[in-house]
Amino acid sequence: MSYRDIITIEPDKRGGRPCIRRMRITVYDVLGWLATGMSAAEIIDDFPELTETDIKACLEFAADRDHRLVASVSAA
């Protein structure tokens, strides 16, 4: 499954930040929790509406954005 099937962007929700399956949990929330050392299991324990697939989609989204940013800077 592609992250594009999971990550949604709605201009009127969370300031247009990318969210998970139309919820109010953003990709950046999940990335922040992972960065502080939380495991996927701990995140899911705290937010049972999330799945491991959701967390992987956040990582894939971030990797894709980073790849596109580097590619556009390199082309300039």
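I read the protein along its sequence and noted the pattern β-β-α-α-α. I counted 3 helices and 2 strands; helices (H or I, at least four residues) and strands (E, at least two) are DSSP runs, numbered from the N terminus. The model is predicted, so I note that local features need pLDDT of at least 70 and side-chain atom pairs count only at pLDDT 80 or more, while totals for chains, interfaces and linings use all residues. Residues are numbered from 1 along each chain as its sequence is written, and side-chain values use heavy atoms, with hydrogens and water left out.

**Entry 1: the whole chain**

I looked up burial and found that buried residues make up 29% of the 76 residues. Buried means under 20% relative accessible area, exposed over 50%, and partly exposed in between (1.4 Å probe, protein chains only). The accessible surface comes to about 4900 Å², and 54% of this surface belongs to carbon and sulfur atoms; the areas come from the Shrake-Rupley method with a 1.4 Å probe, and for residues only the protein chains shown count as cover. I also looked up contacts (heavy atoms within 4.5 Å). Of those between residues at least 6 apart in sequence, 42% join residues at least 24 apart.

**Entry 2: alanine 57**

I located alanine 57 in helix 3, residues 52–75. Is alanine 57 buried or exposed? I record alanine 57 as buried, because its relative accessible area is 3%. Leaving aside residues up to four places away in sequence, alanine 57 touches Tyr3, Ile6 and Ile7. Isoleucine 7 lies 50 residues from alanine 57 in sequence, yet the C-alpha to C-alpha distance is 7.2 Å.

**Entry 3: aromatic pairs**

A search of the whole structure gave 2 aromatic pairs. Tyrosine 3 and phenylalanine 61 form an edge-to-face pair, 5.5 Å centre to centre with 85° between the planes. Rings of Phe, Tyr and Trp (its six-membered ring) pair if their centres lie within 6.5 Å; planes under 30 degrees apart count as stacked, over 60 as edge-to-face and the rest as tilted. This pair links distant parts of the chain, 58 residues apart: tyrosine 3 is in the segment before strand 1 (7–8) and phenylalanine 61 in helix 3. Tyrosine 3 counts as buried at 4% relative accessibility, and phenylalanine 61 counts as buried at 7%.

I then examined tryptophan 33 and phenylalanine 47, whose ring centres are 4.5 Å apart and whose planes are at 15°, so the pair is stacked. Tryptophan 33 is in helix 1 (residues 27–35), and phenylalanine 47 is in the loop between helix 2 (40–46) and helix 3, 14 residues apart. I record phenylalanine 47 as partly exposed, because its relative accessibility is 25%.
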